[in-house]
Amino acid sequence: MLLDNYPRNEYAVIPTPIQRAYYLAKAIGLQELLIKRDDNTGLAMGGNKARKLEFLFADAERLGADIVLTCGGIQSNHVRMTAAAANKAGMKCIIYVPSEKPDEFKGNLLLDIILDAEVIFLHNIEWEQLEAAMNADFGQLKASGHNPYLIPVGGSTPIGALGYVNAVKEVSGQLNEMGIDKVDMVCAVGSGGTMSGLLVGTQLYMPNTQLTGISVAAGIDFKVKISDISAKTAKLLDMNEQPDINRFSIYDDYVGEAYGVPTLEAKNAILLTAKTEGIILDPVYTGKAMAGLIDLALKGVIGRNNPVLFWHTGGAPALFANPQLFKEEADKLSHAKEIK
């Protein structure tokens, strides 16, 4: 298998477990709900990016890189974990964020600083301008004698997607041990790399799987992007057939106002998942993805014939940058008591 020929740094604690979510399934009318705990990959508080970064940093080391450049939102899980992976690889990490510098560093941004990443804030610019600034610095670093390595937002490249081809191989073995031969998979889609890897991986190891992506960012044609990344990933693996783009669906109904802005439905999904299973979701990715899963389950779109497997891709540190989201619950459930 050509996948084994690609170098991979061991950053993630894998295999991550698959847990049956009995009470959440009952609450939303599913016969069976499984949660793949990729929030427990271990690298700098975990998340799905660890799997991508294992392949990306192995490639960076192969090319002799000494600096890694990447970009993401102010509460990006990707940049937090890239900073951690850079430390493990002995490289400097520079992060580009399309926001003004805040007065207080919270959540993932605080962890970026703890991880010793250089954070460059670029206010009032679009993503294209952000990437152009990063590319310009890449050229300057190269001209000054450095050997930089550029990782785009989300680590969503064909090499990064290999991490989720490998993840499907892992899941296939786990499900076989559980006596399950077919599932409907659901995951958040923010930059397309994870879904691209899942598409290629399921074609190789679980060809009867239907994939459902819940978009967390508006204005991106994920069908086109995932088709492109998955085709290039398949080429890396010398696959005879192109990935079947009819095996995945993308729903844009649960984005809300914008990327990174929590929705009421995401909040309710976070609360319900915590209340029923003791599992913590985040307001940017998995909260919105679970909100989509719940709605689609209630409508009978998914889970009618097969167990549903939800990819928990991590992101909990972003909760600590959004305490106001749960102020109503805090006021209702907390009490001050004076002992006399």
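## Terms and model

Two strands count as paired if DSSP finds at least two bridges between them. Helices (H or I, at least four residues) and strands (E, at least two) are DSSP runs, numbered from the N terminus. This is a predicted model, in which local features need pLDDT of at least 70 and side-chain atom pairs count only at pLDDT 80 or more, while totals for chains, interfaces and linings use all residues. Residues are numbered from 1 along each chain as its sequence is written, and side-chain values use heavy atoms, with hydrogens and water left out.

## The whole chain

The protein chain has 11 helices and 10 strands. Its radius of gyration, taken over C-alpha atoms, is 20 Å, close to the 20 Å from the globule rule (2.2 Å times the number of residues to the power 0.38) for 340 residues, so the chain is as compact as a globular protein of that length. Along the principal axes, the C-alpha atoms fill a box of roughly 65 × 60 × 35 Å.

Of the 340 residues, 54% are buried. Buried means under 20% relative accessible area, exposed over 50%, and partly exposed in between (1.4 Å probe, protein chains only). A contact means heavy atoms within 4.5 Å. Among contacts between residues at least 6 apart in sequence, 79% join residues at least 24 apart.

## The sheet

Six strands form an open sheet with mixed pairing, in the order β1-β2-β10-β7-β8-β9. The edges are β1 (18–20) and β9 (248–251); each has a single partner strand, so one side of each is left without a neighbour in the sheet. From one strand to the next, the twist averages 25°; axes are lines fitted to C-alpha atoms, for helices over the stretch in contact, and angles run from 0 to 180 degrees between N-to-C directions.

Strand β10 (residues 308–312) runs parallel to β7 (residues 184–189), and 3 bridges join them. Here V186 stands opposite F310, and D184 stands opposite V308. Strand β2 is also parallel to β10, with 5 bridges between them, and L34 stands opposite L309.

In a regular strand the side chains alternate between the two faces of the sheet. In β10, V308, F310 and H312 point one way, while L309 and W311 point the other way. In total, 5 of the 5 residues of β10 are buried.

The expected span of a helix is 1.5 Å times one less than its number of residues. Because 12 of its 14 residues are buried, α2 is largely enclosed by the rest of the structure. The elements that cover the buried residues of α2 include β2 (33–37), β3 (67–71), α3 (77–89) and α6. After α2 comes G64, with a positive phi near 75°.

Helix α6 (residues 158–178) has 21 residues and reaches 30 Å from its first C-alpha to its last, close to the expected 30 Å. Just after α6, G179 has a positive phi of about 75°.

## Residue H78

Leaving out residues up to four places away in sequence, H78 touches several others, including K49, L53, C71 and I151. Of these, K49 and L53 are buried residues of α2.
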